[in-house]
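Please look over the sequence and the structure below before reading on.

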Amino acid sequence: MSERSIFREEGLQALIEALSRRGFRVIGPTIGDGAIIYDDVEALGDLPRGYTDEQEAGRYRLARRDDAALFGYAVGPQSWKRFLHQPLLRLWRAERKGQDVIVEAEPPATEKLAFLGVRACELHAIEIQDRVLIGGDYVDPHYESKREGAFIVAVNCGTAGGTCFCVSMNTGPRATRGFDLALTELTLEGGNGFLVEVGSPAGAELLAELPSRPASREEMDDGDAVVARTAASMGRAMPAEDIHALLMRNLDHERWDEVAQRCLSCANCTMVCPTCFCTSVEDHNDLSGAESSRTRRWDSCFTMDYSYIHGGSVRPGVASRYRQWMTHKLSTWFDQFGTSGCVGCGRCITWCPVGIDITEETRAISDSEKLLGAADGKS
Amino acid sequence: MDATKKPRLGVWKFASCDGCQLSLLDCEDELLAIAGAIDIAYFPEATRGEISGVYDLSLVEGSVTTAHDAERILDVRKRSKKLVTIGACATAGGIQALRNFADVREYAAIVYAHPEYIHTLAASTAIAEHVPVDFELRGCPINKGQLVDVVAAFLAGRRPNTPAHSVCIECKLKGNVCVMVARATPCLGPVTHAGCGALCPSYDRGCYGCFGPKETPNAPSLSVWLAGLGMDEKALERVYRSFNANAEPFRNESERHGAQDHKG
Ligand code: SF4
Ligand code: SF4
Ligand code: SF4
Ligand code: SF4
């Protein structure tokens, strides 16, 4: 294991300040609207000290912890997708000037973003969106500009949420790559502190400016113990089998109709999912017809319009829309991008207004096969 | 459209509170900009005679509640190249469609000293139940931005931006925290048509369903969850019965719980 350092809370404050000085907009966890959301943070006081979250299918509550931890919760309703792959974005505008039409493409934003408190599952989600949005032949310049300059401070989870299942997806709770600095929150003598791991030259350069000292063997072990404890307390697990093949074998399973009885096709799951990337474009023009523009916005495979082609929607029934979503996440994503499209963050479970649980749906199909198998075995 | 002639826009009023027309007046700045390019005529409910010619685009507010209305809408349709209904009254019968669940004569007897003077139909119905409609703009009241977009879209010959998906999508685009998940506040957003910009959830309230049912709504499933949040049969009967009470998916769901309640 590489060398690690320790800084106390003053070190974290100094980190936020150093990033601001370098011109970064620092975004991190803070309390807003009864949840832990991601927003601008300027000082330690903006972080949700002493708070945690209770998460279950369709249920989220803020709660107090009995300590003063700054990162003692799992992920909230928003993800970093909000900042890298914006919900609404104008792509271009056009204006009629005499006989000419002047088209102006929206220039990519120049804002430099620093993310504080990125969890392991979220690092994997960002890696997935990188692959989709800038890793192929067609590069999204807006995502690219935000992503390339971004500074990432990861946090190894000290608490697993009730709907987390990163362990079974091999995506957490330890941050292994894709960060500049990674922190593990520790209780040190005389207050809280952080075990710091460097993940990039930019991270090393920044750390050198902060008040830190090398970590002891014992402190490094403590850090590992925190992560191990979190890994052992996952709220959920994806069944341990080849899900890709399982779902492809069961495209006509009766469970799709059963889940469609409950599913509202409201699209919350896709909106909160940190890997879902689908968008639609909308054209606008003013009443006089002199100006027009095109806007891109998040869309979802749960809407009828999204699969509308000449003559109607390809997926009129909710069963086919739920199946499209789940099989894409867990199965066809492998064919398309070489990995799973799910990182086990649990957001779709918590924020589904009727508590539909992707691990439970998978397990239902898996269990039904096992039952059948057992029955076959007997006969 | 004839390029040399200004397009004619007619605004027609049926049974309604005028709220949607207020949204139209609220578009003053946008409308003034094109005042030279378009003729706008307003026809209040009582208008008789003096209506001549054909309208390129008719905006119809209000529901049909009298025999006179039922005839007038036929004439409006004949005079309109495109007919767009605006608001919950015109599109679903409005709040006055609560009469459809009761005996209107009984209502009139309670409210009026001389109910014999009241000439009204037994039900309040949407414009589309009487004539073909080219487009229905939802909302109680309609959203000003959507109205401008629909008029601009019809003038430009493009598709209006009025997606039929859930209010939840608007909520998430805005970055709201879901009030149902985080606060156990009952919300009709998951079965309601987008358009308001998730107004109520943005102020920590549940959605009241002003824009009516979304595409493929699943109210029975939502009701199960709402019951879990503490709503009884009576409350479920009522929650779907407001501005869009007569929109079929809401009506059916409301009646299902009403029947349960009356059984019990
Ligand atoms: S599918 Fe659900 S658990 Fe998986 S990454 Fe998306 S939101 Fe997270
Ligand atoms: S899924 Fe894993 S990495 Fe993500 S928040 Fe939960 S414990 Fe942390
Ligand atoms: S699974 Fe849940 S969140 Fe997703 S569309 Fe269905 S009801 Fe909405
Ligand atoms: S607050 Fe209501 S409209 Fe918004 S996401 Fe939640 S259920 Fe949907």
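**Briefing: chains A and B**

Arg159(B) and Asp305(A) are joined through their side chains in a salt bridge, with N to O at 3.0 Å; the term stands for a side-chain nitrogen of Lys or Arg within 4 Å of a carboxyl oxygen of Asp or Glu. The model is predicted, so that local features need pLDDT of at least 70 and side-chain atom pairs count only at pLDDT 80 or more, while totals for chains, interfaces and linings use all residues. Residues are numbered from 1 along each chain as its sequence is written, chains are lettered from A and ligands numbered from 1 in the order in which they are written, and side-chain values use heavy atoms, with hydrogens and water left out.

**Interface of chain B and chain A**

- Across this interface the rule finds 1 salt bridge, along with 23 residue pairs in polar contact, both residues being at pLDDT 80 or more (a pair of N or O atoms within 3.5 Å; within protein, one must be able to donate a hydrogen and the other to accept it, and residues adjacent in sequence count only if both atoms are side-chain atoms).
- Helix H2 (28-33), helix H6 (144-156), helix H7 (167-174), helix H8 (179-183) and helix H10 (219-228) of chain B are the elements that give two or more residues to the side touching chain A, where helices (H or I, at least four residues) and strands (E, at least two) are DSSP runs numbered from the N terminus.
- H6(B) gives the most to that side of chain B, with 6 residues.
- The residues on the side of chain B that touches chain A divide into 20 nonpolar, 7 polar and 10 charged, with Ala, Val, Leu, Ile, Met, Phe, Trp, Tyr, Cys and Pro counted as nonpolar, Asp, Glu, Lys and Arg as charged, and the others, Gly among them, as polar.
- In contact, which means heavy atoms within 4.5 Å, are 37 residues of chain B and 47 residues of chain A.
- Between them, chain B and chain A bury about 3,200 Å², 58% of it on carbon and sulfur atoms; buried area is the accessible area (1.4 Å probe) that two parts lose on being put together, summed over both.
- In chain B, the residues that lose the most area to chain A are Lys172(B), Leu173(B) and Val181(B), together 21% of what that side buries.

**Salt bridges within chain A**

- Over all chains the count comes to 47 salt bridges.
- Arg4(A) and Asp224(A) form one of them, at 3.8 Å from N to O, and this pair links distant parts of the chain, 220 residues apart, with Arg4(A) in the segment before strand S1 (5-8) and Asp224(A) in helix H7 (residues 217-231) of chain A.
- Arg4(A) counts as buried at 4% relative accessibility, whereas Asp224(A) counts as partly exposed at 25%; buried means under 20% relative accessible area, exposed over 50%, and partly exposed in between (1.4 Å probe, protein chains only).
- Arg21(A), Arg22(A), Glu205(A) and Glu209(A) are linked in a network of salt bridges.

**Surroundings of ligand 2**

- Ligand 2 is surrounded by residues including Cys121(A), Cys157(A), Cys164(A), Cys166(A), Met234(A) and Cys345(A), a residue being near a molecule or strand if one of its heavy atoms lies within 4 Å of it.
- By class, the shell around ligand 2 holds 9 nonpolar residues, 1 polar residue and no charged residues.
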